[in-house]
Amino acid sequence: MNTTTQKRRGYSKQNAKRRAQVRRQKGILLLISCMFFCSVVILGTTISAKADTKDDVPEYTYYKTIEIQDGDSLWSIASVYAPQNHQDTRSYIKEVCALNHISENQMLHEGATITVPYQSALRH
């Protein structure tokens, strides 16, 4: 073999080694990128699932008969029994009035009883 052929082969071997090394580096980079992407997806799904569980707790509506005390009004009763997620106190008062067949302007008398709805996450 002459030296020119050996140089070509040596050059080809070095070139082949370099290409193999670059291929390995690209493979490792691809693997790391895939692992990072999967981690982000799993973390995002976990956070989303935890956030959803707070809203998934069912609330049940119950009814309670209460005795009117001196100074009670529909508004004070609503402030105690209306659910926290109730959008409007006035709509809760309308619900109480409909349930008890009274008007919103009607005076509540001490010792009288009315039925009020309330919500609880506990099943009774």
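Neighbours within four places in sequence being set aside, Asn100 is in contact (heavy atoms within 4.5 Å) with Ile114 and Thr115. The structure is a predicted model, in which local features need pLDDT of at least 70 and side-chain atom pairs count only at pLDDT 80 or more, whereas totals for chains, interfaces and linings use all residues. Residues are numbered from 1 along each chain as its sequence is written, and side-chain values use heavy atoms, with hydrogens and water left out. Asn100 lies in helix H3; helices are DSSP runs of H or I with at least four residues, numbered from the N terminus. With a relative accessibility of 18%, Asn100 is buried (under 20% relative accessible area; exposed is over 50% and partly exposed in between, with a 1.4 Å probe and protein chains only).

Helix H3 (residues 89-100) packs against helix H2 (residues 74-81) at an angle of about 105°, the axes being 10 Å apart. Axes are lines fitted to C-alpha atoms over the stretch in contact, and angles run from 0 to 180 degrees between N-to-C directions. The two helices, H2 and H3, are therefore roughly perpendicular (65 to 115 degrees). On the H2 side, Leu74, Trp75, Ala78 and Tyr81 meet Thr89, Arg90, Tyr92, Ile93, Val96 and Cys97 of H3.

The count of disulfides (cysteine sulfur atoms within 2.5 Å) is 0. For Cys34, the nearest cysteine sulfur is that of Cys38, 6.5 Å away. Cys34 is partly exposed at 40% relative accessibility, and Cys38 is likewise partly exposed, with a relative accessible area of 43%.

Methods. Parallel < 35°, antiparallel > 145°, perpendicular 65-115°, else oblique.
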